[in-house]
Amino acid sequence: LHAFIHDARRFAISTRSVIEQAPLQAYCSALVFAPEKSIIRETFETCVPHWTLRKPRVEAHWSATLQTLEGHSSGVKSVAFSSDGKQVVSGSDDKTVRLWDAATGALQQTLEGHSNSVTSVAFS
């Protein structure tokens, strides 16, 4: 049971953006991108619609990446965690600072108005 829950969490985190925007896509879109040997994919493989003829090539197992924070339009120069570990801040060449929820990866706030790239961020 522990392994199943761990795998389900990995699946939910990695496909969060798809599931948030279109929950029913979990079966016909998100599931086919889960690693071939993941417990979730093996358990729910029969739920993938039969009309999904070609499936993408995916890795066999989960990678070390737990989450990708998407939002900056240019390279990220600096990242920092809050002292309680609940938030992440990032600075970018797109001249913005973004504040994220560390647990969910949800964007909380974007700070704009810098005249140059943001090369360093920190919590105080």
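Trainee: In which strand is L99 found?

Mentor: This is a predicted model, in which local features need pLDDT of at least 70 and side-chain atom pairs count only at pLDDT 80 or more, while totals for chains, interfaces and linings use all residues. Residues are numbered from 1 along each chain as its sequence is written, and side-chain values use heavy atoms, with hydrogens and water left out. Helices (H or I, at least four residues) and strands (E, at least two) are DSSP runs, numbered from the N terminus. L99 is found in strand β3.

Trainee: Is L99 buried or exposed?

Mentor: Buried means under 20% relative accessible area, exposed means over 50%, and partly exposed lies in between (1.4 Å probe, protein chains only). Because its relative accessibility is 19%, L99 counts as buried.

Trainee: What distance separates the C-alpha atoms of L99 and V89?

Mentor: Contact means heavy atoms within 4.5 Å. Leaving aside neighbours within four places in sequence, the contacts of L99 include V88, V89, L107 and F123. L99 and V89 are 10 residues apart along the chain, and their C-alpha atoms are separated by 4.6 Å.

Trainee: Which side chain of opposite charge is nearest to D94?

Mentor: D94 is found in the loop between β2 (87–92) and β3 (97–101). Lys and Arg count as positive and Asp and Glu as negative, with His and the chain ends not counted. A salt bridge requires a side-chain nitrogen of Lys or Arg within 4 Å of a carboxyl oxygen of Asp or Glu. D94 is buried yet has no salt bridge, and at 4.2 Å the nearest side chain of opposite charge is R98.

Trainee: Is K95 buried, partly exposed or exposed?

Mentor: K95 is found in the loop between β2 and β3, and its phi is near 70°, a positive value in a residue other than glycine. Because its relative accessible area is 38%, K95 is partly exposed.

Trainee: How far apart in space are N116 and V88?

Mentor: N116 lies in the segment after β4 (107–111), and it is exposed, with a relative accessible area of 54%. N116 and V88 are 28 residues apart in sequence, and their C-alpha to C-alpha distance is 21 Å.
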